[in-house]
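Please keep the sequence and the model in view while reading.

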Amino acid sequence: MRPVDWLAPYEARSWIHRLDPRARLIAALVLAGAVISVDDPASLLTGVGMALGLLIMARFTWRHLWIRLSTLGGLVVMLAIFLPMRFHLAPGPSLTYTPELLPEALRIAARASSAAMVMMALVGTIEPAALGHALIHLRVPGKIVQLYAFAIRYFDMLRRELQTLHTAMLARGFRPSASRRALIGYGHLIGGLMVRSLDRSERTLRAMKCRGYRGEFYLFEHFHYRTPDLVFLGASGVFAVALLGWRPWG
């Protein structure tokens with residue numbers, strides 16, 4: 001994935017992007033909890049349709065959908081293939097395929113896919129800084145929010161540092177392979193990255209203390225619920241209750 005693809009979900013403009021991040025977080029938890037709690041096929045299909053609808057309304061392009069759903073799709077296929085398999089030791093080692101377990105594998109795949117798509121549409125479109133701000137407003141412990149903020153801030157920096165070290169190794173004749181020499185080289189690469197990361201973290205901490213950091217971030221701007229946010233929260237709650245309480249005729 002190219003770095004430009006990371007920013008695409010935040011740069012799109014849709015009615016979902018205009019919602020309060022707190023409302024999107026709460027709605028995502030409610031809807032994801034509902035879709036992973038249902039069991040009958042009709043409810044599962046309804047949950048998948050709802051999740052796909054949210055993705056489309058969030059203005060995800062097909063390229064970005066493919067990038068984000070390809071890994072999940074691979075896990076779903078592996079689940080459908082391997083879950084119905086059973087390994088037996090007696091009377092001798094054998095591997096059997098149980099078709100009766102295939103519907104259960106498909107149900108698990110539908111739940112996981114629906115929850116992931118809901119999170120992508122509602123939480124994956126929130127800018128990292130706004131997400132941390134919303135978590136603080138929702139009374140998430142400050143230490144956890146700070147760990148999240150530092151991880152987001154320095155993830156790309158570590159990626160660039162790793163790329164620089166790897167390029168330097170290639171310039172000195174390193175050739176990636178599964179040989180013992182190459183594995184030793186990768187060990188040195190990881191060690192060098194850890195040393196540089198520790199040094200950068202100490203310099204960052206000193207710079208933050210010089211700027212008045214005392215263990216917490218202060219918020220100067222605050223979110224405010226508006227009518228569309230409350231309507232969306234209410235609609236999400238009604239849909240979740242209806243999905244959990246719906247019993248198809250049969």
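Among the elements that cover the buried residues of helix α7 are α6 (128-137) and α8 (180-210). Here helices are DSSP runs of H or I with at least four residues, strands are runs of E with at least two, and both are numbered from the N terminus; residues count as buried under 20% relative accessible area, as exposed over 50% and as partly exposed in between, with a 1.4 Å probe and protein chains only. The model is predicted: local features need pLDDT of at least 70, side-chain atom pairs count only at pLDDT 80 or more, and totals for chains, interfaces and linings use all residues. Residues are numbered from 1 along each chain as its sequence is written, and side-chain values use heavy atoms, with hydrogens and water left out.

The buried residues of α7 are Val145, Gln146, Tyr154, Met157, Glu161, Leu165 and Met169. Helix α7 comprises 30 residues, 142-171, and its first and last C-alpha atoms are 43 Å apart, close to the expected 44 Å; the expected span is 1.5 Å times one less than the number of residues. After α7 comes Gly173, which has a positive phi near 100°.

Helix α4 (residues 62-82) can be examined in the same terms. Its end C-alpha atoms lie 29 Å apart, which agrees with the 30 Å that its 21 residues should span at 1.5 Å a residue. A bend of about 40° occurs in α4 at Leu69. The buried residues of this helix are His64, Leu65, Ile67, Leu72 and Ala80.

The next topic is charge pairing. Side chains of opposite charge can pair when their charged atoms come close. Seven salt bridges are found in a search of the whole structure, each defined as a side-chain nitrogen of Lys or Arg within 4 Å of a carboxyl oxygen of Asp or Glu. One of them joins Asp20 and Arg22, with an N to O distance of 3.0 Å. Both partners are buried: Asp20 has a relative accessible area of 5%, and Arg22 one of 9%. Arg22 belongs to helix α2 (residues 21-35). Apart from neighbours within four places in sequence, Arg22 is in contact with Ala134, His137, Leu138, Phe223, His224 and Tyr225, where contact means heavy atoms within 4.5 Å.

Another salt bridge links Arg107 to Glu104, with the closest N and O atoms 2.8 Å apart. Because these two residues are three apart in helix α5 (residues 102-122), about one helical turn separates them. Arg107 is partly exposed at 22% relative accessibility, and Glu104 is partly exposed at 29%. Asp229 and Arg226 form a further salt bridge, in which the closest N and O atoms are 3.8 Å apart. Here Asp229 is buried at 0% relative accessibility, whereas Arg226 is partly exposed at 43%. Salt bridges with shared partners also connect Asp39, Glu104, Arg107 and Arg111 into one network.

Attention now turns to the nonpolar interior. In soluble globular proteins, nonpolar side chains tend to be buried together. A nonpolar core is a set of buried Ala, Val, Leu, Ile, Met, Phe, Trp, Tyr and Cys residues joined through side-chain atoms within 4.5 Å. The largest such core has 32 residues, of which Leu25, Leu31, Met50, Leu54, Leu55, Val118 and Leu122 touch the most other members. At least two residues of this core come from each of α2, α3, α5, α6 and α9 (227-245). Met50 is in contact with Leu31, Val35, Val118 and Phe239, when neighbours within four places in sequence are set aside. A second, separate core has six residues, including Met169, Phe174, Ala182 and Leu193.

Ala51 lies in helix α3 (residues 41-57) and is buried, with a relative accessible area of 0%. Not counting residues up to four places away in sequence, Ala51 touches Ser114, Met117 and Val118. Between Ala51 and Ala121, the C-alpha distance is 7.8 Å, although they are 70 residues apart in sequence.

What does the secondary structure of the protein chain come to? The chain has nine helices and two strands, in the order α-α-α-α-β-β-α-α-α-α-α from the N terminus.

Definitions and conventions: Bend = angle between axes of the 7 residues up to and from the residue.
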